[in-house]
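Please look at the chain displayed below and follow it from its strands and helices up to its domains. The paragraphs after it go through the parts one by one.

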Amino acid sequence: MATAPSSTDTSSPSLYIGLMSGTSLDGVDGALAAFGVDGGMATLATAYVPFPDELRASLMALQAGGENEIEREALAANALAVRYAQCVTALLEQAGLGPEQVHMVGVHGQTIRHRPELGFTRQTNNPALLAELSGIDVVADFRSRDVAAGGQGAPLVPAFHRAVFGDEWQSRVVVNIGGISNISILPAGSGQATSGFDTGPGNVLMDAWINRHQGKHYDADGAWGAAGQVHAGLLAQLSTEEFFRLPPPKSSGRDLFHLGWLQQALSRIGADIAPQDVQATLTALTASSIADAIAAHAPGTDTVYVCGGGADNGYLMRLLQERLAMRSAEKHIAVKSTAALGIAPNHVEALAFAWLAWRFDQRLPGNLPAVTGARGLRILGALYPA
Ligand SMILES: Nc1ncnc2c1ncn2[C@@H]1O[C@H](COP(=O)(O)OP(=O)(O)OP(=O)(O)O)[C@@H](O)[C@H]1O
Ligand SMILES: CC(=O)N[C@H]1[C@@H]2OC[C@@H](O2)[C@@H](O)[C@@H]1O[C@H](C)C(=O)O
């Protein structure tokens, strides 16, 4: 599939909206895209609606068990649907379109528990309310069918990455650094198998740590961490986590990588480490776990393309380049933003959910069994007609 973000050669394009609110819990990214009969895709509008602090706090509280969970989840789902609807309105206004011109909204929902090994993953949402508020058909709950087929239900973006970023001549890896990091391995040539998996933490631990010590939501450009020193002992301790050594298929989330997990490692080390040095070490952990995964599973990579909010962390990008160079002495691997391929890093995931809605609409599979471990290809999502 060719991408042409600013122009399209599609003769009768169909319009789809994708909405992604990920593990960072920061807000919802939206994209309105046109898909042509020839498979071409064009981005018509993008929008971001941040979550108010109250919604962030209730979503954060739902990441672990607690009292009156059912009611709290239902109310958070309603509040989410209202924000999603605001994002849809912003996209329609930007594109000068009415709801009747859009085929479907594909909405991820908010992951509050991810336990494929127990047979479930839960993306809270109220798609019925979103259909009511937006007046557009809504497709939601993209992960459950893959889990029902024995898969991880994640990551789902590798199929989209193959479609828009795959190349005939260059072997590419696309790294999404959101709350959690995941890679898509796209060997050169359209006939080559695509693989991918979650590599571990993205920004989730860095965000939590700076929030505890500085009250900020994230470490802008990685500046706070960059002024600290990577603590080799702590990095080694954190790197002993079994998840890093598990073979794919594998996926992760806040269920594993949270402040309690970090605190345990800090207690084992016993040393008094300055908060800024911990931040530097967490940045190094994200970079080294991604570089290790690429070295082990995609040694032939020519270029790594980064998307997700982590692409805006200059310190993290430097460490990633450094660690890739350390692990691949004979071959230079370039690190670039997906902007170099025509899609800004913060638009990729929302576009992926527009693409998944388009796949659903045609009753085409959305998963890659080689990635998720599902028994086979499955049509992903459930429909809530407008
Ligand atoms: N200017 C910046 N400097 C450093 N980090 C940034 C910057 N902008 C965004 N980020 C990081 O990116 C995160 C948001 O990224 P993104 O929206 O890709 O995550 P997500 O979609 O919630 O996660 P996931 O892909 O795990 O579902 C923020 O929480 C922050 O850590
Ligand atoms: C369960 C869940 O929400 N997983 C997310 C999360 O965020 C990044 C990584 O962990 C990835 O596995 C997935 O999101 C992307 C969009 C995916 O499915 O490909």
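Strand 1 (residues 14-20) and strand 4 (residues 104-107) run parallel and are joined by four bridges, where helices (H or I, at least four residues) and strands (E, at least two) are DSSP runs numbered from the N terminus. One of the residues involved is glycine 18, whose bridge partner in strand 4 is glycine 106. This is a predicted model, in which local features need pLDDT of at least 70 and side-chain atom pairs count only at pLDDT 80 or more, while totals for chains, interfaces and linings use all residues. Residues are numbered from 1 along each chain as its sequence is written, and chains are lettered from A and ligands numbered from 1 in the order in which they are written.

Strands of a sheet pair through backbone hydrogen bonds, either parallel or antiparallel. In the loop between strand 1 and strand 2 sits leucine 25, which has a positive phi of about 60° although it is not a glycine.

How do two helices meet in this model? Two packed helices are described by the angle between their axes and the distance between the axes. For helix 2 (residues 69-95) and helix 3 (residues 127-134), the axes come within 9 Å and cross at roughly 35°. The crossing of helix 2 with helix 3 is right-handed, a crossing being right-handed if the near helix is turned clockwise from the far one by less than a right angle, and left-handed if anticlockwise. On the side of helix 2, Asn78, Ala81, Tyr84, Ala85 and Val88 meet Leu129, Leu130, Leu133 and Ser134 of helix 3, with two residues counted as in contact if their C-beta atoms, placed from the backbone, lie within 7 Å. By class, this contact of helix 2 with helix 3 has seven nonpolar, two polar and no charged residues; Ala, Val, Leu, Ile, Met, Phe, Trp, Tyr, Cys and Pro count as nonpolar, Asp, Glu, Lys and Arg as charged, and the others, Gly among them, as polar.

Another open sheet is formed by five strands in the order 10-9-8-11-12, again with mixed pairing. Its edge strands, strand 10 (195-201) and strand 12 (334-337), each pair on one side only, and neighbouring strands of this sheet are turned by 25° against each other on average, direction ignored. Strand 11 (residues 303-307) runs parallel to strand 12 and is joined to it by four bridges, and tyrosine 305 has lysine 336 in strand 12 as its bridge partner. Helix 5 (residues 157-165) packs on the sheet, where it touches strand 8 (172-177), strand 9 (180-186), strand 10 and strand 11, and its direction makes about 45° with that of strand 9. Helix 10 (residues 275-297) lies across strand 8, strand 9, strand 10 and strand 11, and runs at about 155° to strand 10.

Two loops contain a cis peptide bond. The bond from alanine 154 to proline 155 is cis, with omega near -10°, and proline 155 lies in the loop between helix 4 (144-148) and helix 5. A cis peptide bond also joins proline 248 and proline 249, with omega about 0°, and proline 249 is found in the loop between helix 8 (232-238) and helix 9 (259-269).Finally, the domain assignment gives domain 1 (14-153 + 346-384) and domain 2 (157-341), with bounds that come from an automatic or database domain assignment. The C-alpha centres of domain 1 and domain 2 lie 24 Å apart, and 24 residues of domain 1 are in contact with 28 residues of domain 2.

Notes:
Two strands pair if DSSP finds at least two bridges between them. Axes are lines fitted to C-alpha atoms, for helices over the stretch in contact, and angles run from 0 to 180 degrees between N-to-C directions.
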